[in-house]
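Colleague: Could you take me through one part of this model up close, and then tell me how the rest of the fold is put together? I'd like the cut-offs spelled out as you go.

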Amino acid sequence: MTPPPPFAKGPRPSGENPSPPEGSAPGDAAGRWMVPIAALQHAVYCLRQAALIHLEQAWAENRFTAEGHQLHITVDIPDARARRGVRRVTALPLVSMRLGLEGVADVVEFHRAPAGSTPAGSAPAGSETPYPVEIKRGKPKPHAADTVQLCAQALCLEEMTGLPVPEGAVYYGETRHRLPVAFTPELRALTLDTLRALRRLFETQATPPAPSRTGRCRACSLIELCRPKAGATSALAWRARTLAARLDSPDGDDETPP
Ligand code: SF4
């Protein structure tokens, strides 16, 4: 998992949209923030995690994130090459102005439709069908974080190319296997529901509390910042309080500045 770009909280004049994140595009067709595609993956895993990363810019590495970086080394470099009739593009920027989504696809393959075979919903014969491939370090998971992220890429590709994108795949480094993912109406609906939940999160700018029970915390790199059992809401506020208390303490006065 690549560290996200900064997604800063900004002043929020009443009645207006929140300030856009620093360094991001000015907004979609409706003037809303552009939502990073990676945020959908975080939101499906844990909405609090999405808030910590994208509202509070909290980030921490663990073994899983470090292994993810290693696996992404080749696909993080923009490149395009063709092999056996399939064009393969890495690090392809994606955007949907209709949905207000943006991100970068690890790999997009462009498969040429066989002449004479144009089943309903597929690309016209002779055209290329985009086929996004997301690279993940682990193995297939019981939740939909990976498939929702991939589906968001498909929605962007459909808008960008005007072509249907019926399927993609997630490649898992641990199993070294590609899992095909069909972009069904159900998966598309879940992706759009997740996007709506993120929009609400960005509009309220309120980090939700930790879910009362989550088996996902052990694998979460943010567990030390999040402190799910402490009932803290904002990791940023907790860090500020801890720092202030430390600076105010008698011990803090004795410390020599670096
Ligand atoms: S530690 Fe648990 S509650 Fe906190 S962000 Fe991670 S998964 Fe969510």
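**The hairpin, the core and the ligand shell**

Modeller: Let's start with strand 6 and strand 7 (residues 177–182), which run antiparallel and are joined by six bridges. Two strands pair if DSSP finds at least two bridges between them. This is a predicted model: local features need pLDDT of at least 70, side-chain atom pairs count only at pLDDT 80 or more, and totals for chains, interfaces and linings use all residues. Residues are numbered from 1 along each chain as its sequence is written. Helices (H or I, at least four residues) and strands (E, at least two) are DSSP runs, numbered from the N terminus.

Four residues lie between the two strands, and Arg176 takes a positive phi near 50°.

The largest nonpolar core has 52 residues, and Leu40, Leu101, Ala152 and Leu198 have the most contacts inside it. Strand 6 (167–172) gives at least two residues to this core, as do helix 1, helix 2, strands 3, 4 and 5, helix 4 and helix 5. Helix 4 gives the most, eight residues. Such a core is a set of buried Ala, Val, Leu, Ile, Met, Phe, Trp, Tyr and Cys residues joined through C-beta atoms within 7 Å. Buried means 20 or more other C-beta atoms within 10 Å of a residue's own (12 or fewer is exposed, in between is partly exposed), with C-beta atoms placed from the backbone.

Take Leu101: leaving out residues up to four places away in sequence, Leu101 touches Met34, Val35, Ile37, Ser96, Ala152, Leu155, Cys156 and Leu195. Contact here means C-beta atoms, placed from the backbone, within 7 Å.

Helix 2 belongs to the core and also to the ligand shell. Seven of its eight residues are buried, among them Arg48, Gln49 and His54. Helix 2 supplies three residues of the shell, the largest share, and helix 6 (223–226) supplies at least two. Which of the 14 residues around the ligand come nearest? They are Cys46, Gln49, Cys217, Cys220 and Cys226, where near means a C-beta atom, placed from the backbone, within 6 Å. By class, the shell has ten nonpolar, two polar and two charged residues.

Stepping back, the chain has eight helices and seven strands, and 32% of its 258 residues count as buried.

Terms used: Nonpolar A, V, L, I, M, F, W, Y, C, P; charged D, E, K, R; others polar. Contact = placed C-beta atoms within 7 Å.
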